[in-house]
Amino acid sequence: QMEINFKKVHTGKDLAISTIVLLAGVGLFFVNKGLGIIIAMCGLAMFFLYKGGYKKDGQGIVLQKKSEDLCKTCRPSILDYLNGKDVMPQVKEGDEGGSVRLDVYYNAAAGIAYAQLFDFRNYTYEPETEVIELHSPKSDKLISLL
């Protein structure tokens, strides 16, 4: 199976915020040169650094990412769900009986999600599953629980 990678990308909201900060800096320049320059530079830096979205291997639709630390008791139902069984995944935050982490990259409007389950072992989260692609209605059910 091919490994799926996610690349950070700009969302429309990121670009709008960066533009507003840049324009605020330009406007302030005429009131207070030093402050205007600093804020404009922050807006410019945000264009390059502030990326809140993800794309699978740099292509396709923009996804959001959500990571949840869940109780280990949720693990069997999430594994079954990700492996295609028709069960309701249990999503309960906490560390009761140990913890697992569920990373989900998703776009609710497009009805797509990519999920990966991690076990906490040896003081680190280790991948328990590959990145699994889910489509509507399966992706919708998982997204609604996050």
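The following dialogue discusses how to read a predicted model of one protein chain.

Trainee: How many helices and strands does the chain have, and in what order do the elements run?

Mentor: Helices (H or I, at least four residues) and strands (E, at least two) are DSSP runs, numbered from the N terminus. Here there are four helices and seven strands, in the order β-α-α-β-β-α-β-β-β-β-α. The radius of gyration, taken over C-alpha atoms, is compared with a globule rule of 2.2 Å times the number of residues to the power 0.38. For this chain of 146 residues the radius is 20 Å, well over the 15 Å from the rule, so the chain is more spread out than a compact globule. The C-alpha trace spans about 60 × 30 × 25 Å along its principal axes.

Trainee: Which residues have the most contacts inside the largest nonpolar core?

Mentor: In soluble globular proteins, nonpolar side chains tend to be buried together. Buried means under 20% relative accessible area, exposed over 50%, and partly exposed in between (1.4 Å probe, protein chains only). A nonpolar core is a set of buried Ala, Val, Leu, Ile, Met, Phe, Trp, Tyr and Cys residues joined through side-chain atoms within 4.5 Å. The largest one has 18 residues, and Leu-82, Leu-102 and Leu-134 have the most contacts inside it. Elements giving two or more residues to this core include β3 (59-71), α3 (75-82) and α4 (138-145). A second, separate core of eight residues includes Ile-4, Phe-6, Leu-63 and Tyr-105.

Trainee: Is Glu-68 buried or exposed?

Mentor: Glu-68, in strand β3, counts as buried because its relative accessibility is 7%. Contact means heavy atoms within 4.5 Å. Leaving aside neighbours within four places in sequence, Glu-68 is in contact with Glu-93, Val-100, Arg-101, Leu-102 and Leu-146.

Trainee: Where is Gly-52 placed, and which residues does Gly-52 touch?

Mentor: Gly-52 is in the loop between α2 (33-49) and β2 (53-56). With a relative accessible area of 41%, Gly-52 is partly exposed. Not counting residues up to four places away in sequence, Gly-52 touches Val-9, Thr-11 and Asp-14.

Key: Residues numbered from 1 in each chain as written. Predicted model: local features only at pLDDT ≥ 70, side-chain atom pairs only at ≥ 80, totals over all residues. Heavy atoms only, no water.
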